[in-house]
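This report looks at how one protein chain is packed.

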Amino acid sequence: MHKLIEKLLVDSDSDSDSDSDEISFSSESLSCCICIVDMINSTAITSRIGNSKMMRKFYSIYINSIASIAKKYDASILKNVGDSVMFYFPHTSNSNDEDAFNKVLECGNVMKTLHNSINAKMNKELLPSIKYRVSIDYGKVEIAKSISSTTCDLFGPTVNICAKINSKAQSNGIVIGSDFYIVLKSFPHLKKNYEFKHIGECSAGIKQSYPVYTVNKSKAVQANMINRNVKQWYNLLLINSKYDMLSLNINNV
């Protein structure tokens, strides 16, 4: 459990009336970035996997690869739900911390870029390739702990909307919600380095016509980018040497 959430849970009075309740909520809320990575067509993909050993290997490569990238950018893993991995960025609780929000964007960008590396490792193990979508949003969440788990959980509209907008992302692409976009606009440096494109609206309960945006590195940044992030994650994911750096499709960074 991340120290920030742990402190809120310990220091705050719980909303639970009984120690035997399955979950109890902190009396304090937290505002931060939430990210969800969801595999595309997972049912069809996993139906092609022949046995339990290979299935375990398939999910290990997928989830551990996504989690290792997220942790590198100071994210904390919350849970795996089916074929989705959900995590949050605790340092974005400080809405003035530009570096924290930059790390959120960098994390999503690296995940977008390294799907080829993950697939190279899948193919090395004779497993099918995958595609996934990345969605990110920012807002208030409610913090809960469970008596049957050592990890925390986050609830609220921000989590629900982040899940809802995920389907609007292109294959191996990123979308963000309007609340996150509004925060990013306050940082001129981030606006310069990234291009945001409004792609539509999302109906989400009390938030009608909630704008959704795609995110890409600006053309100027792409033209001058050193490929250190790609090389770093290439080594981290332990791709066999026969998959050289050309397979990473660096132009898509």
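Is Ile 40 buried or exposed?

## Ile 40

Ile 40 is buried, at a relative accessible area of 12%. The coordinates belong to a predicted model. Ile 40 sits in the loop that links strand S1 (23-39) to helix H2 (42-46).

Beyond its neighbours within four places in sequence, Ile 40 contacts Ile 45, Lys 131, Tyr 132, Arg 133 and Ser 171. Asp 83 is 43 residues away from Ile 40 along the chain, and the C-alpha atoms of these two residues are 8.5 Å apart.

## The chain as a whole

The protein chain contains 10 helices and 8 strands. Of its 253 residues, 49% count as buried. Contacts between residues at least 6 apart in sequence can be sorted by separation: 67% of them join residues at least 24 apart.

In soluble globular proteins, nonpolar side chains tend to be buried together. Here the largest nonpolar core has 45 residues, and the members that touch the most others are Tyr 62, Phe 87, Met 111 and Phe 180. Helix H3 (residues 52-72) is the main contributor to this core, giving 8 residues. A separate core has 13 residues, including Cys 32, Tyr 88, Cys 152 and Cys 162.

What does Phe 180 touch, not counting residues up to four places away in sequence? Its contacts are Cys 33, Phe 101, Val 104, Leu 105, Ile 136, Asp 137 and Tyr 138.

## Phe 89 in strand S3

Strand S3 (residues 84-89) includes Phe 89. Phe 89 has a relative accessible area of 3% and is therefore buried, the cut-off being under 20%. When residues up to four places away in sequence are set aside, Phe 89 touches Cys 32, Cys 33, Cys 35, Tyr 73, Asp 74, Ala 75, Val 104 and Cys 107.

One of these contacts, Tyr 73, is 16 residues from Phe 89 along the chain, with 8.3 Å between the two C-alpha atoms.

## Helix H3 against H4

Two packed helices are described by the angle between their axes and the distance between the axes. For H3 and helix H4 (residues 98-113), the angle is about 150° and the axes are 9 Å apart. H3 is therefore roughly antiparallel to H4, since angles over 145 degrees count as such. The crossing of H3 past H4 is right-handed.

H3 supplies Ile 66, Ile 69 and Ala 70 to the contact, and H4 supplies Cys 107, Val 110 and Met 111. An α-helix has 3.6 residues a turn, so residues three or four places apart point the same way. The contact of H3 with H4 comprises 6 nonpolar residues, with no polar and no charged ones.

## Helix H3 against H5

H3 also packs with H5, their axes coming within 10 Å and crossing at roughly 155°. H3 is thus roughly antiparallel to H5. H3 passes H5 in a right-handed crossing.

Which residues make the contact of H3 with H5? From H3 come Phe 58, Ile 61, Tyr 62, Ser 65 and Ile 66, and from H5 come Ile 118, Lys 121 and Met 122. By class, the contact of H3 with H5 has 6 nonpolar residues, 1 polar and 1 charged. Helix H5 spans residues 115-124, and its buried residues are His 115, Ser 117, Ile 118, Asn 119, Ala 120 and Met 122.

## Residues with positive phi

Most residues other than glycine have a negative phi, and most peptide bonds are trans. Asp 74 lies in the loop between H3 and strand S2 (76-81). With a relative accessibility of 28%, Asp 74 counts as partly exposed.

Asn 172 has a positive phi near 60°. The loop that holds Asn 172 runs between helix H6 (157-165) and strand S6 (174-177). Is Asn 172 buried or exposed? Asn 172 counts as buried, because its relative accessibility is 10% and the cut-off is under 20%.

Conventions. Residues are numbered from 1 along each chain as its sequence is written. This is a predicted model: local features need pLDDT of at least 70, side-chain atom pairs count only at pLDDT 80 or more; totals for chains, interfaces and linings use all residues. Side-chain values use heavy atoms; hydrogens and water are left out. A nonpolar core is a set of buried Ala, Val, Leu, Ile, Met, Phe, Trp, Tyr and Cys residues joined through side-chain atoms within 4.5 Å. Buried means under 20% relative accessible area, exposed over 50%, partly exposed in between (1.4 Å probe, protein chains only). Helices (H or I, at least four residues) and strands (E, at least two) are DSSP runs, numbered from the N terminus. Contact means heavy atoms within 4.5 Å. Axes are lines fitted to C-alpha atoms, for helices over the stretch in contact, and angles run from 0 to 180 degrees between N-to-C directions. Angles under 35 degrees count as roughly parallel, over 145 as roughly antiparallel, 65 to 115 as roughly perpendicular and the rest as oblique. A crossing is left-handed if the near helix is turned anticlockwise from the far one by less than a right angle, and right-handed if clockwise. Ala, Val, Leu, Ile, Met, Phe, Trp, Tyr, Cys and Pro count as nonpolar, Asp, Glu, Lys and Arg as charged, and the others, Gly among them, as polar.
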